[in-house]
Amino acid sequence: MTEDAADADADATGTAGGDAREPTPGGDPRRGTRFGTRAVHADGAADPTTGARAPPLHQTTSYEFPDADVAADRYALADRGHIYSRISNPTVERLEDAIAALHDAPAAVATASGMAALDALTLVLAEAGDTIVCSNDTYGGTTTYFASTASRRGIDVEFVDTLDVDAYRDAIDDDTAFVHVETVGNPSLVTPDFDAIADVAHEHGVPLIADNTFATPALCKPGEHGVDVVWESTTKWLHGSGTTVGGVVVDTGTFDWAAHDYPEVAGPNPAYPDTDFSEYAPDAPLAAAVRYRSVRSLGDQQSPFDAWQTLQGLQTLELRMDKHCENARIVAEYLQGHDDVAWVTHPGLDSHPTHDNASEYLDGGYGGMIAFGLSGSDDADGPEGYAAGKRFCEAVDLASFLANIGDAKTLVIHPASTTHAQLSPDEQADAGVTPDLVRLSVGIEDPVDLLADLDAAIAAATSDDVTAATPATDGGARGGDDA
Ligand SMILES: Cc1ncc(COP(=O)(O)O)c(C=O)c1O
């Protein structure tokens, strides 16, 4: 297909997976090409020593110094070679370069998990006495991290209504370290108005941070909408097969740290007094601070093997996201028409409260996530739909009842009794977790089989005879895991 034809096709279907920038023949295929090409080539060039086409797995702790001067220079950051794999590793670096390229960003740092990415960026941006302004529609683990973990380091959080731009303005003050939102909130699936929130944050001289886990760069590059730092759990769609926990911090290079008070990123560094990261790495100083201050000191780097696994997942990212989005649309429409489904929400449905924001900020589809509630006429002992939601999770067969999302397989969970059970009822309500909510991460199976499984599970969960909801596996609710 020619570029023009491809553009026309993309416009006609509304499912263009990437941007339309001109390819750069002969250049680095990770930059300048269309998104799908970039994803396939994201793992880099053939190994120059052996010719191996797949990325080598550098399972090593350390790297021989050629001589004492180079060793000293590496410790002083004057020579950029590797020292020790807690700080950097060639395989992990390939993943970092790949994800940065997919975001059109200058640099990224991979971490052991999504939560480690959040902790790593928070460590360099906020200190005791600072406040973080965070949208309400946030993953339960992030809410708990800000409210109960960062708070132990003297950092406060103020949660605001995700869609109320004035609430962000009112909450930001001189102590605000950053504003935090999710591209598509977990599990409410609310998409914020990035441009408006970025304007408010920047008017006050603070960066906007976004958790882009649900969208991945295949659907949204938040840096194009005023976001200064993106973080993602690579555990989910970026990897795509549910084998590997990981995270990444992406520095979009847009924020002028030196113009504001961020001493870890701009200014003589407490650990490297002769180094100012805004001069050492002017394109991506936040990434340098995350690597040399957080990851180096906290030890929350990604392992080479995990990075190697995730590099393989990235190759099929565009294809998988297309299929996740298509299947989610089919399932959402099916649920919408089902008599025993009390409500269903998916960013692609016109009825979703932030369908317009999702249409503006997501490109190529609305993601693979759905939330819905079952009518629960037999829930005499609990809130409407609560027991039916739990029974549904036990009754699925093809889908798996577990605490993950973004797998090739369809996954279900009942957040009120598991992922969000540690939040108070008010906090659950603020996060959009109603007692009946079932979270569905739609996989890439054939939708015919998927709908058959969901249909049978709904019938079992809403049947008057509740014994019909026989657990499909020996797994029950695995409460307490906040994935
Ligand atoms: C939206 C979102 N962000 C971050 C995380 C945390 O990622 P990880 O489990 O890789 O630490 C999760 C986990 O489920 C999530 O759903």
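**A helix pair and its setting**

Mentor: Thr-91, Val-92, Arg-94, Leu-95 and Ala-98 in H4 meet Pro-304, Ala-307, Trp-308, Thr-310, Leu-311 and Leu-314 in H12, where a contact requires C-beta atoms, placed from the backbone, to lie within 7 Å. By class, this contact of H4 with H12 has eight nonpolar, two polar and one charged residues, with Ala, Val, Leu, Ile, Met, Phe, Trp, Tyr, Cys and Pro counted as nonpolar, Asp, Glu, Lys and Arg as charged, and the others, Gly among them, as polar. The model is predicted, and local features need pLDDT of at least 70, side-chain atom pairs count only at pLDDT 80 or more, while totals for chains, interfaces and linings use all residues. Residues are numbered from 1 along each chain as its sequence is written.

Helix H4 covers residues 90-102 and helix H12 residues 304-315, and they pack at an angle of about 35° with their axes 8 Å apart; axes are lines fitted to C-alpha atoms, for helices over the stretch in contact, and angles run from 0 to 180 degrees between N-to-C directions. The crossing of H4 and H12 is left-handed, that is, the near helix is turned anticlockwise from the far one by less than a right angle.

As for the setting, the chain holds 17 helices and twelve strands, taken as DSSP runs numbered from the N terminus, helices (H or I) of at least four residues and strands (E) of at least two. Of the contacts in the chain between residues at least 6 apart in sequence, 71% join residues at least 24 apart.

Definitions and conventions: Contact = placed C-beta atoms within 7 Å.
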